[in-house]
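Here is a short briefing to read with the sequence and the model side by side. Keep the viewer open and turn to each residue as it comes up.

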Amino acid sequence: MKEKDIQRETSQIVKDVLEKANLKQGSIFVLGLSSSEVIGGQIGKESSQEIGEIIVKTILDILEEKGIHLAVQGLSLIHISEPTRPRL
């Protein structure tokens, strides 16, 4: 997926959510996503910092204009060190 496509789709989704949720200035928008799934992979297996940064920047640009705060929820896997992660 190309950067422009990710930006376009993210922007459209956020604008749709904001319209339906009727969030006001000072509200908090909570983001939870899997960059692995965005690129068509399995959660936690193909994470992409670049994809995450593109999505977060796109969302922040929209929210900052409206005075809405962003909270980002990370996967619980980020709290488990690689050697102790159970193998599936």
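This is a predicted model: local features need pLDDT of at least 70, side-chain atom pairs count only at pLDDT 80 or more; totals for chains, interfaces and linings use all residues.

Residues are numbered from 1 along each chain as its sequence is written, and side-chain values use heavy atoms, with hydrogens and water left out.

**Overall fold**

- The protein chain holds 3 helices and 2 strands; helices (H or I, at least four residues) and strands (E, at least two) are DSSP runs, numbered from the N terminus.
- The protein chain has 88 residues, and 24% of them are buried; buried means under 20% relative accessible area, exposed over 50%, and partly exposed in between, with a 1.4 Å probe and protein chains only.
- Among contacts (heavy atoms within 4.5 Å) with a separation of 6 or more in the protein chain, 63% join residues 24 or more positions apart.

**The nonpolar core**

- A nonpolar core is a set of buried Ala, Val, Leu, Ile, Met, Phe, Trp, Tyr and Cys residues joined through side-chain atoms within 4.5 Å.
- The largest one has 12 residues: Ile6, Val14, Leu18, Phe29, Leu31, Ile51, Ile54, Ile55, Ile59, Ile62, Leu63 and Ile68.
- Helix 1 (3-21), strand 1 (28-32) and helix 3 (49-66) each give at least two residues to this core, and helix 3 provides the largest share, with 6 residues.

- Ile55 sits in helix 3 and is buried at 5% relative accessibility.
- Beyond its neighbours within four places in sequence, Ile55 is in contact with Ile6, Thr10, Leu33 and Val38.
- Ile55 and Ser35 are 20 residues apart along the chain, and their C-alpha atoms are separated by 9.0 Å.
- Leu31 belongs to strand 1 and is buried, with a relative accessible area of 10%.
- Setting aside neighbours within four places in sequence, Leu31 is in contact with Val56, Ile59, Leu70, Ala71, Val72 and Gln73.
- For Leu31 and Val56, 25 residues apart along the chain, the C-alpha atoms are separated by 8.6 Å.

**How helix 1 meets helix 3**

- The axes of helix 1 and helix 3 come within 9 Å and cross at roughly 40°; axes are lines fitted to C-alpha atoms, for helices over the stretch in contact, and angles run from 0 to 180 degrees between N-to-C directions.
- Helix 1 is therefore oblique to helix 3, since angles under 35 degrees count as roughly parallel, over 145 as roughly antiparallel, 65 to 115 as roughly perpendicular and the rest as oblique.
- The crossing of helix 1 past helix 3 is right-handed, a label used if the near helix is turned clockwise from the far one by less than a right angle, with anticlockwise being left-handed.
- On the helix 1 side, the contact is made by Glu3, Ile6, Gln7, Thr10, Ser11, Val14, Lys15 and Leu18.
- On the helix 3 side, it is made by Ile51, Ile54, Ile55, Thr58, Ile59, Ile62, Leu63 and Lys66.

**Residues in the loops**

- Ser48 lies in the loop between helix 2 (35-38) and helix 3, and it is buried at 17% relative accessibility.
- The side chain of Ser48 reaches the backbone nitrogen of Ile51 at 3.1 Å.
- Apart from neighbours within four places in sequence, Ile51 is in contact with Ile6, Ser35, Val38 and Ile39.
- Ser34 is in the loop between strand 1 and helix 2 and is buried, with a relative accessible area of 9%.
- Leaving out neighbours within four places in sequence, Ser34 is in contact with Ile43 and Gly44.
- Ser34 and Lys45 are 11 residues apart along the chain, with their C-alpha atoms separated by 9.8 Å.
- Asn22, in the loop between helix 1 and strand 1, is exposed at 51% relative accessibility.
- Asn22 is not a glycine, yet it has a positive phi of about 55°.
- Most residues other than glycine have a negative phi.

Conventions. A polar contact is a pair of N or O atoms within 3.5 Å; within protein, one must be able to donate a hydrogen and the other to accept it, and residues adjacent in sequence count only if both atoms are side-chain atoms.
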